[in-house]
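I opened this notebook to record what I looked up on helix packing and aromatic rings. The entries follow in the order in which I made them.

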Amino acid sequence: MYKRRWPSGEGLAIAQAKDQYFSQFVTKTSFNGLAESLMVAIHEETHMWDLDPSRTSWDVYVSAWINASRKAMKVPIHGGFARREILPLITDNLTKSMDDIYLRDQQQGSYKIQGVIAELNAGLMGLPAASVVAEFIQGIGASNARDIVATNIRYLQLYLRVAKAKYPDYWAKIKGQPELREFVLVEFLRAAYWLDQSEPYAAKLGSADVAKIVAKNYAPENVAIIEEFTGAKVNTGTSRNCTV
C-alpha cells in the first residue's frame, strides 16, 4: 500500500527493516491494527534514521528523512538554548499535554534546537504514515498525529522568536546557515501540506484543538519569523504548502 500511496514511507520502512525495535512498534494481529500502529512505528523509525550517529551529531548538525528521494544531510545547527525557554510565549492550554512532556520535563526541556527539529521531522513522517491508511484505522493509536505536527511547528516558530529576541549571536549564526534556512522552510511547507491532506480524517488523527493551534501558527508574528528566517514569502491562503 505504501508503494502505491506513499513511496517515501515504503522507502523508510525498507531502510529501517533491520532495526531491532521496528517490530515492537507495530501491531501484527490484524491489518486494521497494523494501519493504526504505523503512525508510531514510522515516527519512531524516522528518529532512528535521523539520529543515527553516522548522520547526526547532537547539537552540532542534524540529518532528516524528508522523502524517498530527498534528505537533509548534516545541517549545521550551532547548539542553541534550552527549548523550555519558549514556555513564556505559550499563554494557552492548546498544547499543554505536549508542553508538559517536551518543555516542562527536566530532561526534555533542556534539549536545544536539535530536539525541536527531531520531533518535528518524526511528526512529519508519522502523520502521512497514518493518513494514507486512515480508512482502516478504527482505534486511537494515531489520534494525536495532527497535533504532533501542529505543535512542533509552533515550537519551531517560538524557538526562532526567542533566538532573535534573546540570543542575537546565535540568531545570526543560524540565520547565516543557508542549509538550515532551507530545511526550516521545507518543514513548514510539509506541515501545511500534510495537515491539509489529513483533514478528511481529522476526527481520527487529531484533537479538536488542531485548528486552533494552526491558527496560532499563522498569527502575523509567527508567520513573520518564518519569513524573516527563511527569506521566503509563505502563502497564508488556500495553498499554504506553497510560497508566493
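Before reading accessibilities, I noted the rule: a residue is buried under 20% relative accessible area, exposed over 50%, and partly exposed in between. I also noted that the model is predicted.

Entry on Tyr193 and Trp194. I looked up this ring pair and found it edge-to-face, with 5.1 Å centre to centre and 85° between the planes. Tyr193 has 34% relative accessibility and therefore counts as partly exposed. Trp194, at 14%, counts as buried. I then found that ring pairs link Tyr2, Trp6, Tyr193 and Trp194 into a cluster.

Entry on Trp171 and Phe229. The count of aromatic pairs came to 11. One of them joins Trp171 and Phe229, a tilted pair with 5.6 Å centre to centre and 50° between the planes. Trp171 belongs to helix H8 (residues 168–175) and Phe229 to helix H12 (residues 220–230), so the pair ties together parts 58 residues apart in sequence. I read 9% relative accessibility for Trp171, which is therefore buried. Phe229 is buried as well, with a relative accessible area of 0%.

Entry on helices H7 and H11. I found H7 (residues 145–166) packed with H11 (residues 210–217) at an angle of about 20°, the axes being 9 Å apart. Angles under 35 degrees count as roughly parallel, so H7 is roughly parallel to H11. The crossing of H7 past H11 is left-handed. Among the residues making the contact are Ala150 and Ile153 of H7 and Val210 and Ile213 of H11. By class, I recorded 5 nonpolar, 3 polar and 4 charged residues in the contact of H7 with H11.

Definitions and conventions. Residues numbered from 1 in each chain as written. Predicted model: local features only at pLDDT ≥ 70, side-chain atom pairs only at ≥ 80, totals over all residues. Heavy atoms only, no water. Axes fitted to C-alpha atoms, helices over the stretch in contact; angles between N-to-C directions. Helix = DSSP H or I, 4+ residues; strand = E, 2+ residues; numbered from the N terminus. Parallel < 35°, antiparallel > 145°, perpendicular 65-115°, else oblique. Left-handed = near helix turned anticlockwise from the far one by under 90°. Contact = heavy atoms within 4.5 Å. Nonpolar A, V, L, I, M, F, W, Y, C, P; charged D, E, K, R; others polar. Phe/Tyr/Trp six-rings, centres within 6.5 Å; stacked < 30°, edge-to-face > 60°. Buried < 20%, exposed > 50% of the residue type's maximum accessible area, 1.4 Å probe, protein only.
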